[in-house]
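Please have a look at the model first.

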Amino acid sequence: MFGFRWKKKSDDAAQPAEQEAQKTANEAAVGQPEQAADSAALERRPADKQTQNTEPARESASESQTRSPSAAEPTAESTTQPKVSLFKRLRARLNRGDSWLTYDLANLIPGGRIDEQVLEELETRLIVGDVGVETTERILEGLRKKVARKELSNLDALLGALRATLLEILQPYAQPLVVDRSSAPFAILVVGVNGAGKTTTIGKLARLFKSQGMRVMLAAGDTFRAAAVEQLQIWGQRNDVAVIAQATGADPAAVVFDAMQAAQARRIDVLLADTAGRLHTQSNLMEELKKVKRVMGRVDARAPHEVLLVLDASQGQNALQQARLFNEALGVSGVVITKLDGTAKGGIVFAVASELQLPVRYIGVGESAEDFAAFDAEAFVDALLKRDASGAATPG
């Protein structure tokens with residue numbers, strides 16, 4: 001319709017009302033950031049924060065610019081998707097096409113006999129698929145015992161045993177995040193390297209929590225990456241939640257400290273704190289994150305209540321190394337695996353569960369909010385094997 005009006009504009013000068021309606025249809029509004037302060041610098045704040053735009057007493061006015069006049073009611077779009085829908089999205093987007101793990105295995109079983117050659121091929125595929133050597137050995141050990149006992153007589157029996165083994169690894173660590181509302185706020189420190197999807201994950205979590213009736217606040221603790229603060233503010237506007245922020249280059253601990261205080265004062269249910277994500281091999285980043293964690297503990301001795309690590313599945317075994325380092329430095333309590341809809345094999349999920357024993361909270365299989373959901377071990381394994389919810393084979 002818009003294009004039709006544009007065509008008519010040059011040869012239909014007798015429609016001023018329509019042109020006026022078109023002119024007034026293109027309007028937008030933007031919010032402004034808010035600034036915070038660090039507990040370690042409270043004595044210096046009056047002297048060294050003059051160029052900043054926030055004091056604790058002015059937080060309410062500044063924060064109001066990041067919220068719409070009234071809180072939006074949750075819509076049908078924001079409700080959790082049914083398990084069947086999630087399974088279909090997983091199957092459609094995880095490793096598009098045939099399963100990398102089970103494709104063409106039937107050609108390796110002439111006469112239907114499962115032997116060491118078949119298991120070696122399976123071993124190679126697991127390692128190439130980012131499952132890792134240690135976890136692959138764990139998987140193959142059980143299968144070899146079953147072959148020795150002649151319990152695997154055909155391909156279906158092999159795939160059934162493989163499915164059971166994969167579920168045995170994942171199910172104990174498929175633990176969706178449970179928010180304790182009595183904490184008020186339940187503080188979640190979100191960490192991970194640049195590009196893993198931290199800020200997007202925070203936006204989707206804010207949407208999820210708000211759809212469950214919780215009051216949510218965001219803290220823009222990534223003050224190093226260009227446009228990181230603005231990106232988080234956009235998510236705040238989309239979800240109609242407050243964003244506590246300072247200018248780029250500010251002290252991240254200061255931002256999170258003030259956000260904790262603001263969240264307590266406003267009885268916020270969930271505070272999601274973004275953080276910088278430069279290379280995990282840089283020790284200064286880890287020290288900065290440790291400082292942020294300590295500052296949160298000064299406001300609430302139990303905070304952060306969750307240290308949520310975001311991993312990019314496409315980084316394979318490098319993501320596993322990231323998880324080890326972040327866990328050693330901060331004590332990770334949960335993991336989000338993102339970008340499973342791209343070139344990622346998905347094997348990193350098994351490595352995280354088996355080698356690090358870290359709970360997998362959520363996974364992302366696409367850009368939209370509906371492609372982000374609590375981790376379901378059974379749905380994930382069946383999507384990986386290209387099986388249906390009952391475990392039967394499905395077409396690629």
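Two strands are said to pair if DSSP finds at least two bridges between them, and the elements themselves are DSSP runs numbered from the N terminus, with helices (H or I) of at least four residues and strands (E) of at least two. This is a predicted model, in which local features need pLDDT of at least 70 and side-chain atom pairs count only at pLDDT 80 or more, while totals for chains, interfaces and linings use all residues. Residues are numbered from 1 along each chain as its sequence is written, and side-chain values use heavy atoms, with hydrogens and water left out.

On that basis, strand 6 (residues 334–338) pairs with strand 7 (residues 360–364) in the parallel sense over three bridges, and isoleucine 337 stands opposite isoleucine 363 of strand 7. Strand 5 (residues 306–312) also runs parallel to strand 6, joined by five bridges, with leucine 308 having glycine 334 as its bridge partner. Between strands 5 and 6 the chain passes through helix 13 (residues 317–330), in a β-α-β crossover that is right-handed, meaning that, with the strands pointing away from the viewer, the path from the first strand over the helix to the second runs clockwise.

Which way do the residues of strand 6 point? Gly334, Val336 and Thr338 point one way and Val335 and Ile337 the other, and all are buried, that is, under 20% relative accessible area with a 1.4 Å probe and protein chains only.

Leaving aside neighbours within four places in sequence, isoleucine 337 has contacts (heavy atoms within 4.5 Å) that include Leu311, Val349 and Tyr362.

Definitions and conventions: Buried < 20%, exposed > 50% of the residue type's maximum accessible area, 1.4 Å probe, protein only.
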